[in-house]
Every structure is written in structure tokens, then in C-alpha cells.
Amino acid sequence: FAICSFCFPSGVQGDSLTILQAPEYVSFQKGDWPISGEKIPDMVALTMGFSVQEDLSWPGLRAGPLFQRPRANVLVVVRGVDSLALPQSVASYPLENPVPFTLDSVAETVHTLFAEDTPVVLQLAPSEERLYMLGKANAVFEDLPVTLQQIRARLSQDGSVLTSLPLNSLSRNAEADLLFLSEVQVLHDITALLQRHRHLAKDHSPDLYSLELSGLEELGRRYGQDSSQYQDATAILANVLQKFGEDLFGLYGDSAVVEVVTVKKFEAPLTRKSRSILESKQISNPGSPYNLAYKYNFEYAVIFNIVLWLMIILALAVIVISYNLWNMDPGYDSIIYRMTNQKIRLD
């Protein structure tokens, strides 16, 4: 990763939402229109062509073509800094009411609509050792280091970012420094794994990536935001994210949206139940080692209605036939008895 010595700062001050990459048919309008943190999942859903429960009255995103949608959406949340001097971006907007949010609803929509195509859904927070994967992500990112111990071990292996990053004042032994470098390593490994599995970017199902980085927050707490360690880390992360966005945008054939949310501090702690499928012990589906639910077949409703109404029709037919047979007069209603009576009379 090359670190530029001079970068043009973003025009938005304070917590912000920056659109790093976006295809031409996903139209983001430049302006200082603030967006609430709780509305970001709706914004992500709309960029992917999904419907939302409430209309998003935000002029920053214009309606795009109905049959042309991006193949992937990548959202990176950076905690501990209100803005990053990103060299290039499509647009940037102020972030108001920075409450914690997740893309769980978007991930559920992707998994429901494209269950047969097994899209890539990856939600990762290295500092919290939180990992959630669905679809083809299980096979592609199975070897991705998840725990801090695994990531730090990865830093000492071949292909580590320590060999290419100018650490400057950052230390390879300090706890807070290693957390930050571990997150940079995860970004590098995600790009490397996707480059090895380029076929994932060519299918018809959209992919979703949600990453949360808190290394800068730990550096600011440990050294202070005026320290050289914090400043060096901020410059490194800005350029790493820029390259990360460009690489993913290119891997998906210029058909991906990459957003970066920078938050100094969330207003309220996020309460959610998370799980790591790599460490799950209770297997609800014996046929899957990743604790996944049974696949839902979209033809279930059709098959259920066919079986239900066929049973009702057959039951009614049996009732009607039984009633008519019970009340039938053999001498008049049965052709067998009628022919027999005529033969007896002739004889």
C-alpha cells in the first residue's frame, strides 16, 4: 500500500458517510444533506434495489433504473474518527444521530430472495471477534482469521501488511497498534481471497459486506488523538480504504457500491445477539457444519396449496358420491338392474 503525503480533505466535517465507489446508474447527488445513522440500512437496501418499509426522504440518493442494480455493496464503519482524508470519493454527507446500526435486515433480504444462488454475505468486526457469514462466503472466507490471536499470527506470515506499510511511529509490539494493524490485514486478506475466487463477482446474486473497524478508537484512547501514532494510523487507514474500495469495485466489474461511515463515538451502545458460525457448537441442521437453517424452498407455498385443495376436492367428491349411492333406487337409477328387469319381462 502506498501512502500519499498529501491528500485533499473531505468537505464534510464531523461524523460522515462517504461514498467511495459507485456505478453510474446508482446516482448519488453531491451536497451537504445529512443522513441519520438509523437510515443507513435503508439507504444500502435501496442502492441494491430492495424495498424498504418506510420511504427514505433523503435527496442524496436518486432513483435508478429498475433492471440495473449493483452486484455488491460494501459498507465499512470506522470508529474513533469523525472524518478521513480520502484521496478520491463520489460524494460525502454529514452523519447525524450516530446511533449504532447493522445490516441484518439487508442480509436477511438478500438471503431470502437469492437463497438458491447462495450469495456472499459477510459481516465482520475483528475487535469484537464477531463474524457472520451466509451463502458462498462459508467456503470462500472459511480460512479468514477471525479471532485477534489468529489475526496477529497472520501478521507474522507471508503476505503480511507489515512488509508493505510504512509503520512510522506505530509499534509491532504494542497492543493497540496490533489491533489496528490486524484490521488492515483483514481488509487485505478479503481482497486477496476475492481475487482468488473471481467467479463470485460474476453471478447474478448480489453480495453484501459489512465491516466494523475500531482500531483507531483504541489508538486514540491509548495515545490521544494528537499523538503521532494516531495521525500515522489515520493516514494509513485512509489510503488502505481507498485501495480496498478500488480493488473491490474492479473485481465486481465496476458494479459495486462502497461506503465508508466514520463515527467519532456512537451515542448508545448496540445491543444485539451475535454468533460466530465458525465456533458454533449447536448444530440445528445436521447436514451443515455451519449451524445454518434448512433451506427454504420458494415453491413450498405452491405445493402446499395444490395438496390442500386437492385433498378438499377429493374429500367433497367422496362425500357426494357416497350420498348418491346411499340414496340410489336400483330399479330406476341403475342401468344394470333396469336391463335385468327388461330381460325378465321378455322371458
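A residue counts as buried when its relative accessible area is under 20%.

**Figure 1. Overview of the predicted model.** In this predicted model, buried residues make up 46% of the 347 residues in the protein. The secondary structure comprises 10 helices and eight strands.

**Figure 2. Close-up of the packing of helix α5 with helix α7.** Helix α5, which spans residues 175-196, packs with helix α7, which spans residues 228-251, at an angle of about 10 degrees, and their axes are 10 Å apart. Because angles under 35 degrees count as roughly parallel, α5 is described as roughly parallel to α7. On the α5 side, the residues that meet α7 are Asp 177, Phe 180, Val 184, Leu 187, Ile 190, Thr 191, Leu 194 and Gln 195. On the α7 side, the residues in this contact include Gln 229, Ala 233, Ile 236, Leu 237, Val 240 and Leu 241, and also Phe 244, Asp 247, Leu 248 and Leu 251. The residues of the contact of α5 with α7 divide into 13 nonpolar, three polar and two charged.

**Figure 3. Close-up of the aromatic pair formed by Phe 141 and Tyr 209.** The structure holds three aromatic pairs, and the one formed by Phe 141 and Tyr 209 is edge-to-face, with 6.4 Å centre to centre and 85 degrees between the planes. Phe 141 lies in the loop between α3 (137-140) and α4 (148-155), whereas Tyr 209 lies in strand β7 (residues 207-213), so the pair ties together parts that are 68 residues apart in sequence. Phe 141 is buried, with a relative accessible area of 0%, and Tyr 209 likewise counts as buried, at 1% relative accessibility.

**Figure 4. Close-up of the aromatic pair formed by Tyr 209 and Tyr 252.** Tyr 209 also forms an edge-to-face pair with Tyr 252, for which the values are 6.5 Å centre to centre and 70 degrees between the planes. Since Tyr 209 lies in strand β7 and Tyr 252 in the loop between α7 and β8 (256-263), this pair ties together parts that are 43 residues apart in sequence. Tyr 252 is buried, with a relative accessible area of 1%. Phe 141, Tyr 209 and Tyr 252 form one aromatic cluster.

Notes: Residues are numbered from 1 along each chain as its sequence is written. This is a predicted model: local features need pLDDT of at least 70, side-chain atom pairs count only at pLDDT 80 or more; totals for chains, interfaces and linings use all residues. Side-chain values use heavy atoms; hydrogens and water are left out. Helices (H or I, at least four residues) and strands (E, at least two) are DSSP runs, numbered from the N terminus. Buried means under 20% relative accessible area, exposed over 50%, partly exposed in between (1.4 Å probe, protein chains only). Axes are lines fitted to C-alpha atoms, for helices over the stretch in contact, and angles run from 0 to 180 degrees between N-to-C directions. Angles under 35 degrees count as roughly parallel, over 145 as roughly antiparallel, 65 to 115 as roughly perpendicular and the rest as oblique. Contact means heavy atoms within 4.5 Å. Ala, Val, Leu, Ile, Met, Phe, Trp, Tyr, Cys and Pro count as nonpolar, Asp, Glu, Lys and Arg as charged, and the others, Gly among them, as polar. Rings of Phe, Tyr and Trp (its six-membered ring) pair if their centres lie within 6.5 Å; planes under 30 degrees apart count as stacked, over 60 as edge-to-face and the rest as tilted.
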